[in-house]
Amino acid sequence: NNFDWKSYGAFYTHRTSGMPGKITRLLACTDAQRRTYPKRSLDMGPTFVHPNYVENPHNHEGSGSYNKPASVMHWVRDAVIEETYVLFIDADMLLMRPIDPVALGAKRGVVVSEHVPYMIGTQNEMAANFLPADAVPLAKPVGWYHIFHVEDLRTIAPRWLHYCEQMRSNPQKYWRMNGSIPRNIPTGD
């Protein structure tokens, strides 16, 4: 219900803001969840349903954190996307006016986002623990929204899930980084 409520807001503000292009909600559901999902909630707007990754089929580890990268991966792989640019927002974000991706600097090879300084994983050893050395300088503290060229998103999506799986499967690589945890905790969390 919480995400449905937020999704109604996103659909409404997409319509009232004058934002061009389509909007698609990405929804993680098991077959059992989909059978009982309220029809009015499924019909509130264009919705792409994908397998629920709370129990990740790749590594069999349970975490809701897999659903965001998995939803994007399934969507760019399985949906027909006609747009050149994709604005990726969370369900609790609202649109006030149209956004022009090109005017903001988005282009093939350049993702537009907002600098979020508290995202410290790029300012310590975390990126170097998981990314190839040539990719580490590209890791930046960003968040909230992202504007992708659709072809970049197709390239990034499976890697996003892969690195999420790698990070959660190797807590020993980040627990001791800043000295805040005295020992590794083998939870993958």
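# Exercises on a predicted model

Phe88 is buried, with a relative accessible area of 12%. Keep that residue in mind, as it comes back below. One caution before we start: this is a predicted model.

**Exercise 1. Work out which class the aromatic pair of Phe88 and Trp160 belongs to, and where its two partners sit.**

Step 1. Begin with the count: the rule gives one aromatic pair.

Step 2. Now the geometry. In general, two numbers describe a pair of aromatic rings: how far apart the centres are and the angle between the planes. For Phe88 and Trp160, the ring centres are 6.0 Å apart and the planes meet at 80°, so we call the pair edge-to-face. The cut-off at work here is that planes over 60 degrees apart count as edge-to-face.

Step 3. Phe88 is in strand E3 (residues 85-88), while Trp160 is in helix H6 (residues 150-169).

Step 4. Check the cover. Phe88 is buried at 12%, whereas Trp160, at 30% relative accessibility, counts as partly exposed.

**Exercise 2. Describe the surroundings of His146: is this residue buried or exposed, and what does its side chain make a polar contact with?**

Step 1. Find the residue in strand E5, which covers residues 142-149.

Step 2. Look at its accessibility. The relative accessible area of His146 is 17%. Buried means under 20%, so His146 is buried.

Step 3. List the neighbours. Setting aside residues within four places in sequence, His146 is in contact with Val86, Leu87, Phe88, Val111, Val112 and Ser113. There's Phe88 again, the residue from the aromatic pair.

Step 4. Pick out the polar contact: the side chains of His146 and Ser113 make one at 3.1 Å.

**Exercise 3. Find out how many residues the largest nonpolar core has, and which elements give two or more residues to it.**

Step 1. The largest nonpolar core has 17 residues. Tyr53, Val72, Trp75, Val76, Leu153 and Leu161 are those with the most contacts inside it.

Step 2. The elements giving two or more residues to this core are helix H4 (67-78), E3 and H6.

Step 3. Zoom in on Trp75. Not counting residues up to four places away in sequence, Trp75 touches Thr24, Leu26, Phe48, Ile81, Val86 and Leu153.

**Exercise 4. Compare Thr13 and Thr30: where does each one lie, and is it buried or exposed, or something in between?**

Step 1. Thr13 is found in helix H1 (residues 2-17). Thr30 lies in the loop between strand E1 (25-28) and helix H2 (31-36).

Step 2. Thr13 has a relative accessible area of 10%, so it is buried. Thr30 comes out at 33%, which makes it partly exposed.

Step 3. Beyond its neighbours within four places in sequence, Thr13 is in contact with Leu94 and Leu95. The C-alpha atoms of Thr30 and Tyr53 are 8.7 Å apart, with 23 residues separating the two along the chain.

**Exercise 5. Step back and sum up the whole protein: how many helices and strands are there, and in what order do they run?**

Step 1. There are six helices and five strands.

Step 2. From the N terminus on, they run α-β-α-α-β-α-β-β-α-β-α.

Step 3. Finish with the totals. Of the 189 residues, 35% are buried. Among contacts between residues at least 6 apart in sequence, 61% join residues at least 24 apart.

Notes
Residues numbered from 1 in each chain as written. Predicted model: local features only at pLDDT ≥ 70, side-chain atom pairs only at ≥ 80, totals over all residues. Heavy atoms only, no water. Helix = DSSP H or I, 4+ residues; strand = E, 2+ residues; numbered from the N terminus. Buried < 20%, exposed > 50% of the residue type's maximum accessible area, 1.4 Å probe, protein only. Polar contact = N/O pair within 3.5 Å; in protein donor to acceptor, adjacent residues only side chain to side chain. Contact = heavy atoms within 4.5 Å. Phe/Tyr/Trp six-rings, centres within 6.5 Å; stacked < 30°, edge-to-face > 60°. Core = buried A, V, L, I, M, F, W, Y, C linked by side-chain atoms within 4.5 Å.
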